[in-house]
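Let's walk through this model together, from a surface loop to the core and the helix packing. Keep the structure open as you read.

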Amino acid sequence: MNTPLTVVDVSGTPEEMGTAYGRAAADLINLNVTAYLDRFSRGAGLDLAAVTAQGAAFRETTLSHFPRLAAMLDGVARGASVAPELIYAINARSELLYGAPACGSPGASAGDRGECTSLGVLGPRSEGGRTLLAQNWDWHPGHRDYNVLLITRDERGHEVITLTEAGMLAKTGLNSAGVGVCVNLLGCDRDGRPGGVPYHVLLRSVLEADSLSWAIRNAMRAPRSASINLLLGQAYPGGGELIDLELAPGDAGWLHPVDGVLVHANHFEAALPVYDTIKDWGGSSLFRSARARRLLTAVPNPLTPADLRAVLQDHHSHPVAICRHADDRDADDDRSETIWTVFMDLDDRFIRLVPGPPCTGGEGTTYSL
């Protein structure tokens, strides 16, 4: 990582938090918007007018389904002096870059899509009986310097801590109710349907929930224009719980832990009646989830954070492995590597962030609620 991670810590109503976030990270937000406008143009053929029009449509769906989050995003735009349509557009960057089924056709790059691996461990298998989540976030290395750690405390006392991209509301994170989420990109032939809530607004809606039940409700009830995988968990004094949601436009599937472990990569594993576009472009996802599951299962009880890190550092099929490194054979726009490794203890409400591929990133930094 070339620059220290910016921490944005804000409180108040959604509008107040959004405005304070926009002001605090204005430079990074403007840089991130500029970077994505260039990416939308090169990767999806969208000019400024087209991005603005799509951003306006996503603003309407957000306002309709999650008005508090719309107020927060409008505040971000105001605080950063960016057109609100562009803020909604970057929160829908997955839809704009990959939303059309054609993006999954032969010739679309697996590297450009990013290849994240998510892990969850339940109390009976973990050290101290804790509910743990972890993931490698694989994305273009050119975007790593536009990331922020966003901490919010709303007027109801609900707290959220999330690693995200500047101007976006959430990605991987947890909240004061012990709810946490990891995320993996999926693709199917239903992607591109109009009327969906932006990808990163849907992620934020999960972290706004005060229970696993409501996190699932928020995720499954929201209309979607792009496929997304959420590995969800919540701590509980008598033992936490995990579930994985595979969400496609108009449909959903779910997976439960096996022997206290739940793992996911970037392809559908539930029996959904969709065409998984990974079949058109291949990729390491087809072995990463199975390999990570097998590596975790081979570790005797109890599993520790060090054991999870060892799995996320696995280099089989290097450089396109669980621990992802940039591949010189990819075009520059298609480069992807692990830009952050994230560990979360949902019982103790903390997140640990390791920059870069986990084999090179040191011990990382811990942030607590």
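Is Asp 259 buried or exposed? Asp 259 is exposed, with a relative accessible area of 61%; here, buried means under 20% relative accessible area, exposed over 50% and partly exposed in between, using a 1.4 Å probe and protein chains only. Before going on, note that this is a predicted model, where local features need pLDDT of at least 70 and side-chain atom pairs count only at pLDDT 80 or more, while totals for chains, interfaces and linings use all residues. Residues are numbered from 1 along each chain as its sequence is written, and side-chain values use heavy atoms, with hydrogens and water left out.

Back to Asp 259: its phi is positive, about 55°, although it is not a glycine. You'll find Asp 259 in the loop between β10 (251-255) and β11 (261-264). Helices (H or I, at least four residues) and strands (E, at least two) are DSSP runs, numbered from the N terminus. Ser 317 also has a positive phi without being a glycine, near 75°. Ser 317 sits in the loop between α12 and β12 and is partly exposed, at 39% relative accessible area.

Another cis bond links Asn 301 to Pro 302, with omega about -5°. Pro 302 belongs to the loop between α11 (285-297) and α12 (305-312).

Now for the inside. In soluble globular proteins, nonpolar side chains tend to be buried together. The largest nonpolar core here has 93 residues, and Ile 29, Leu 230, Leu 232 and Leu 353 have the most contacts inside it. Such a core is a set of buried Ala, Val, Leu, Ile, Met, Phe, Trp, Tyr and Cys residues joined through side-chain atoms within 4.5 Å. A second, separate core of 16 residues includes Leu 119, Leu 303, Ile 322 and Phe 343.

Leaving aside neighbours within four places in sequence, the contacts of Val 179 (heavy atoms within 4.5 Å) include Leu 174, Val 206, Leu 212 and Leu 346.

Helix α1 (residues 14-24) has buried residues too: Pro 14, Met 17, Gly 18, Thr 19, Tyr 21 and Gly 22. Those buried residues pack against β1 (6-12), α2 (26-44), α4, β4 (147-154) and β5 (159-165).

That brings us to α4. Helix α4 (residues 67-80) and helix α8 (residues 199-207) pack at about 120°, with axes 11 Å apart; axes are lines fitted to C-alpha atoms, for helices over the stretch in contact, and angles run from 0 to 180 degrees between N-to-C directions. That makes α4 oblique to α8, since angles under 35 degrees count as roughly parallel, over 145 as roughly antiparallel, 65 to 115 as roughly perpendicular and the rest as oblique. Leu 69, Met 72 and Leu 73 in α4 meet Val 201, Arg 204 and Ser 205 in α8.

Helix α3 (residues 48-65) packs on α4 as well, at about 135° with axes 5 Å apart. That makes α3 oblique to α4. From α3, the contact takes in Arg 59, Thr 62, Leu 63, Ser 64 and His 65, and from α4 it takes in Pro 67, Leu 69, Ala 70 and Asp 74.
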